[in-house]
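User: I have a model open and want to go through it residue by residue. Can you take my questions in turn?

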Amino acid sequence: MEMLSVKNLGISFGGLHAVDSFSISIKKGELYGLIGPNGAGKTTVFNLLTGVYKPDMGQILLEGQNITGLSPIEINKAGMARTFQNIRLFDNLSVLDNVKVGLHNEIRYSTISGILRLPSYRKTEKRMNEEAYKVLEVLGLENEAKNLATNLPYGKQRKLEIARALATNPKMLLLDEPAAGMNPSETDELMEAITQLREIYGITILLIEHDMKLVAGICENIFVLNFGTKLANGAPSEVLNNPEVIKAYLGE
């Protein structure tokens, strides 16, 4: 069953086709990579899929639901969550509270209940804390729960952003360069964590990444983007040895 179907997606900025007639199909529960040279349009694709940009053309279906042109909030509620190339955390909130922000769809008490600390508030807060700790445990951050996000080392901040996205209970998770800036040891830990997320939550994952070891190590299928168009797709061993892909990265 298809989790994501993208047909002839396109957007232009000042007459320049940043993404042009981009089409992909992603099966439910699988882990895909989106790669390409710098400036190929990968993050623009993510921005189109998540409502940051509205496409000039094309259609986006999430598990059969047309989400084309919806707002980021509406798309998140439909079941798609993402992280960003540049980390975006609430630095002065605790690690736990950063994850609880992602649980906003679970809030079921009124403002008055929150101010007066009524039973509905306490019950919901208890459940949110429990859910947040579960997510943190999967990513090995449970011991950091009370620390401020800004005090975490870089690699753990990356994981925290993934945890917050996961807390929104998505069907599909988009990761924009999750290993950027990580050392080899942190990257290995991240590879294991992403694999576990897919197994535990059964979610579909699409990631942008320049670390080919990570891509080849965990992705079942890879799409290659070049100058805003799809250049190739297939299994990692096939795609990474494709002469056209090598040419796109390294030139003639």
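**Helix 1 and beyond**

Analyst: Lys42, Thr44, Val45, Phe46, Asn47, Leu48 and Leu49 are the buried residues of helix 1. Bear in mind that this is a predicted model.

User: How many of the residues of helix 1 are buried?

Analyst: Buried here means under 20% relative accessible area. Helix 1 is mostly covered. The count of its buried residues is 7 of 8.

User: Which residue with a positive phi follows helix 1?

Analyst: The phi in question is near 85 degrees. That value is positive, and the residue that follows helix 1 with it is Gly51.

User: Is Pro55 buried or exposed?

Analyst: Pro55 sits in the loop between helix 1 (42-49) and strand 4 (57-62). Its contacts beyond four places in sequence are Leu9, Gly10, Leu48, Thr68 and Gly69. Among these, Leu48 is one of the buried residues of helix 1. The cut-off for buried is under 20%, and Pro55 has 17% relative accessibility, so Pro55 is buried.

User: What separates the C-alpha atoms of Pro55 and Ile11?

Analyst: Along the chain, Pro55 and Ile11 are 44 residues apart.

User: Which backbone oxygen does the side chain of Arg164 reach?

Analyst: Arg164 lies in helix 6 (residues 154-166). With a relative accessible area of 13%, Arg164 is buried. Leaving out residues up to four places away, Arg164 touches Arg88, Leu89, Phe90, Asn98, Val99 and Gly102. At 2.2 Å, its side chain reaches the backbone oxygen of Arg88.

User: Which backbone nitrogen lies 2.7 Å from a polar side-chain atom of Thr204?

Analyst: Thr204 is in strand 8 (residues 204-208). Its relative accessibility is 0%, so Thr204 counts as buried. Its contacts beyond four places in sequence include Ile26, Lys27, Lys28, Gly29 and Glu30, as well as Lys171, Met172 and Leu173. The backbone nitrogen at 2.7 Å is that of Gly29.

User: Where does Met212 fall by relative accessible area: buried, partly exposed or exposed?

Analyst: Met212 is found in helix 8 (residues 212-218). Beyond four places in sequence, Met212 touches Ile35, Leu240 and Tyr249. Buried is under 20% and exposed is over 50%. At 25%, Met212 is partly exposed.

User: How far apart in space are Met212 and Asn151, C-alpha to C-alpha?

Analyst: In sequence, Met212 and Asn151 are 61 residues apart. Their C-alpha to C-alpha distance is 29 Å.

User: How many helices and strands does the protein have, and why is it called as compact as a globular protein of its length?

Analyst: The protein has 10 helices and 10 strands. The globule rule gives 18 Å for 252 residues, and the protein is close to that, so it is as compact as a globular protein of that length; its radius of gyration is 19 Å.

User: What share of the contacts with a separation of 6 or more comes from residues 24 or more positions apart?

Analyst: Buried residues make up 48% of the 252 residues. Among contacts with a separation of 6 or more, the share from residues 24 or more positions apart is 66%.

User: How far apart are the mean positions of the positive and negative charges?

Analyst: The protein has 26 positive and 29 negative charges. Their mean positions are separated by 8 Å.

How values were computed. Residues numbered from 1 in each chain as written. Predicted model: local features only at pLDDT ≥ 70, side-chain atom pairs only at ≥ 80, totals over all residues. Heavy atoms only, no water. Helix = DSSP H or I, 4+ residues; strand = E, 2+ residues; numbered from the N terminus. Rg over C-alpha atoms; globule rule 2.2 N^0.38 Å. Buried < 20%, exposed > 50% of the residue type's maximum accessible area, 1.4 Å probe, protein only. Contact = heavy atoms within 4.5 Å. Lys, Arg positive; Asp, Glu negative; His and termini not counted. Charge placed at Lys NZ, Arg CZ, Asp CG, Glu CD. Polar contact = N/O pair within 3.5 Å; in protein donor to acceptor, adjacent residues only side chain to side chain.
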